[in-house]
Amino acid sequence: NSSPRYLTNVNGTLYFGANDGINGYELWRINSSGVAELVEDGVAGGGIAPGAASSSPDLLTNVNGTLYFRANDGSSGSELWRINSSGVAELVEDGVAGGGIHPGAGSYPRFLTNVNGTLYFRADDGSNGEELWRINSSGVAELVEDGVAGGGIRLGSAGSSPELLTNVNGTVYFRAFDDSN
């Protein structure tokens, strides 16, 4: 029933998603003793989505020794998470703390891409549509702007829908819409 998926090595620790038949599909790791253990968020007991709800972690991505992934804790929606230095799962916030990038509804992050130690991804904050985001040096999610600041690449709620994010020698390339090109 466990069916481990999305295996990722971060600093010698193997992380993976699995279902133990009790807690639903959650994030797990192999500890230093070689034993599988459930990864908890700030509230211990049951993983990221306590009970059999399943947080459904996926898109496990190693960025300079920090594991980033998408999961749903049952209240924030599908959001970007990371494992902090204490080994605890924490929600990644944007400039407004409390509930992730799109509190309650979820930002549905996709295309997580490590570019020279910076995580780039696609997400929807509820007002700018699906746009390109990155994690800044303070660990906060921020919208990536084009030449006109204030709304990402394509102004308004339609979003630029970036996809196919690719790291080429430290530059992120992607396909997106901008209304003029």
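Which side chains meet in a salt bridge at 3.9 Å, N to O? They belong to arginine 122 and glutamate 163, and we'll come back to them once the overall picture is in place.

A quick word on what you're looking at: this is a predicted model, where local features need pLDDT of at least 70, side-chain atom pairs count only at pLDDT 80 or more, and totals for chains, interfaces and linings use all residues. Residues are numbered from 1 along each chain as its sequence is written, and side-chain values use heavy atoms, with hydrogens and water left out.

Let's start with the fold. The protein chain has 0 helices and 14 strands; here helices (H or I, at least four residues) and strands (E, at least two) are DSSP runs, numbered from the N terminus. Along the principal axes, the C-alpha atoms fill a box of roughly 55 × 35 × 30 Å.

What about inside and outside? Buried residues make up 44% of the 181 residues, where buried means under 20% relative accessible area, exposed over 50%, and partly exposed in between (1.4 Å probe, protein chains only). Take contacts (heavy atoms within 4.5 Å): among those between residues at least 6 apart in sequence, 40% join residues at least 24 apart.

You'll find alanine 49 in the loop between strand 4 (36-38) and strand 5 (58-63), and at 2% relative accessibility it counts as buried. Leaving out residues up to four places away in sequence, alanine 49 touches Asn23, Glu26, Ser54, Ser55, Asn72 and Asp73. Asparagine 23 sits 26 residues apart from alanine 49 along the chain, with 8.1 Å between their C-alpha atoms.

Two residues have a backbone angle worth a look. Tyrosine 6, in strand 1 (residues 5-10), has a positive phi near 60° without being a glycine; this tyrosine is partly exposed, at 39% relative accessible area. Leucine 164, in strand 13 (residues 163-168), also isn't a glycine and has a positive phi of about 60°, but leucine 164 counts as exposed at 53%.

Now for the charges. Side chains of opposite charge can pair when their charged atoms come close. The whole structure holds 8 salt bridges, each being a side-chain nitrogen of Lys or Arg within 4 Å of a carboxyl oxygen of Asp or Glu. One of them joins arginine 70 to aspartate 58, with the closest N and O atoms 2.7 Å apart. This pair links strand 6 (residues 66-72) to strand 5, across 12 residues, and both partners are buried.

Back to the opening pair, then. Arginine 122 and glutamate 163 link strand 10 (residues 118-124) with strand 13, 41 residues apart. Arginine 122 is buried at 6%, whereas glutamate 163 is partly exposed at 21%. Glutamate 163 also meets arginine 175 in a salt bridge, at 1.9 Å from N to O. Arginine 175 belongs to strand 14 (residues 171-175), 12 residues apart from glutamate 163, and is partly exposed at 48%. Step back and you get a network of salt bridges linking Arg110, Arg122, Glu130, Glu163 and Arg175.
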